[in-house]
Amino acid sequence: MISPNHDARPSGAPIDHLVLHYTGMQSAGAALARLCDPAARVSSHYLVEEDGTMHALVPEQKRAWHAGISFWRGVRGLNNRSVGIEIVNPGHEWGYMPFPERQIDAVIALCREILARHPIPPRNIVAHSDIAPDRKQDPGELFPWPGLAEAGIGLWTDAEADPGDLAADLAAIGYDTSLDPGPVTAAFQRRFRPSLVDGVADLQTAARIAAVRALFGT
Ligand SMILES: [Zn+2]
């Protein structure tokens, strides 16, 4: 199945970001139908079902419509420069649940293939919530970012460092700190300190923010 919901990337735009999503719908079939419905005007390059079945919906050279209004490390409109993967999960609205191991294995294999084709730095492998913290929660705090990092997909750490200027550190990691600090802190927590996602920069969150900035090398 090929989604009609795509267009050309801007000429010369590099493909240097990878954005991970959950579908947030009641079934894989419902998500596939929506991602291929011209009226919905949304899509992704790939969709991965719970059992690991992978669907290629939009060619990587085309611009899929998955990120919406978004920002990361100074870049706006991440659809221009990213590959998007939708991972089937009901999400916070319909009964958020852990991602099955078979599904994650398939996501890792797909990411490895994408990374072999495009120069995507590890720090540009992001959650939809990272790039749109005021609008999005996906793929959420149950997504196994540590396991992906162990497999060579993206960056993660459970280290703690002496907190500095939190807003400066979050901006250096890549977040849009012109937004309210609560949602930005919550997005950081979903990704890097998932045990409590409340948008409050407690001591552990602050220490983790400093450690992630150091990990990102900025
Ligand atoms: Zn999303």
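1. Helix H6 meets helix H8 through Leu166, Ala168, Asp169, Leu170, Ala172 and Ile173, which touch Ala206, Ile209, Ala210, Val212, Arg213 and Phe216 of H8. Contact here means heavy atoms within 4.5 Å, and helices are DSSP runs (H or I, at least four residues) numbered from the N terminus, with strands (E) of at least two. By class, this contact has 10 nonpolar, no polar and 2 charged residues; Ala, Val, Leu, Ile, Met, Phe, Trp, Tyr, Cys and Pro count as nonpolar, Asp, Glu, Lys and Arg as charged, and the others, Gly among them, as polar.

2. This is a predicted model, in which local features need pLDDT of at least 70, side-chain atom pairs count only at pLDDT 80 or more, and totals for chains, interfaces and linings use all residues. Residues are numbered from 1 along each chain as its sequence is written, and side-chain values use heavy atoms, leaving out hydrogens and water.

3. The zinc ion is coordinated by His21 (ND1), His128 (ND1) and Asp138 (OD) at 2.0 to 2.1 Å. Donors are N, O and S atoms within 2.8 Å of the metal (3.2 Å for Na, K and Ca); water is not among the atoms, so sites may look incomplete. In sequence, the spacing of the donor residues is H-x106-H-x9-D. Histidine 128 lies in helix H4 (residues 128–131), and aspartate 138 is 10 residues away, in the loop between H4 and helix H5 (145–150).
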